[in-house]
Amino acid sequence: MQMSSKSNETNEAQAVEESPQVEETVDTKETTKKEKKSPKAKELTPEEKVMELSKQRMGKFEVALSAADAKYMRNLLDRSEWKGPQQAYLLIISKLEMSQLCEELKDKDQATSHPTPMSSATIESLSFFMNNYTGKGDNAAHKLFASSMLLRPAIGEINKIDREIEELRASMNPSDASE
């Protein structure tokens, strides 16, 4: 019997010795996690966040386009009506970018969509001209609607950034928010 009580004492002693090691490991992991967080770059000020978001806003966004989609959008711009120099400029810039995209996509499968980076200005211009486009017939309506849906995710991202910028600016200037 004494033999078993000695082995029990030995087992208990081992368990007690092992227990702190497990806790130390947990503490080490937690410390490591904290250490990983602290060397991170400093927290950005609201002004710096606005600047960073503005850069993103003016950048490029991915749109899933096939070569046929890009050609349709480029041709739609050719048929779009514009009014005034601002809209004329937007149409010219968008047409240039869409022509470049058509060139890049021409050797790829015509029917397959490819992630294609497009500038926010072109995305918004296409959306504007699509919304002001006048067409006839069911087929034309389906094609226009389908093309506008290709832009929708990117427009959603742009709008999200706009809201974040607006919220940050409102928090920086609380008196402007009440007006």
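The protein chain has seven helices and two strands, where helices are DSSP runs of H or I with at least four residues and strands are runs of E with at least two, numbered from the N terminus. This is a predicted model, in which local features need pLDDT of at least 70, side-chain atom pairs count only at pLDDT 80 or more, and totals for chains, interfaces and linings use all residues. Residues are numbered from 1 along each chain as its sequence is written, and side-chain values use heavy atoms, without hydrogens or water.

From the N terminus, the order of elements is α-α-β-α-α-β-α-α-α. Of the 179 residues, 25% are buried, that is, under 20% relative accessible area with a 1.4 Å probe, counting protein chains only (exposed is over 50%, partly exposed in between). Contacts are heavy atoms within 4.5 Å. Among contacts between residues at least 6 apart in sequence, 81% join residues at least 24 apart.

Helix α5 has 12 residues and reaches 16 Å from its first C-alpha to its last, close to the 16 Å expected at 1.5 Å a residue; the expected span is 1.5 Å times one less than the number of residues. Its buried residues are S120, T122, I123, S125, L126, S127, F129 and M130. The cover over the buried residues of α5 includes the elements below.

| Element | Residues |
|---|---|
| α2 | 46–57 |
| β1 | 60–65 |
| α3 | 67–79 |
| β2 | 114–119 |
| α6 | 138–172 |

Helix α4 is also included in that cover. Residue I93 is found in helix α4, residues 84–105, and counts as partly exposed because its relative accessibility is 30%.
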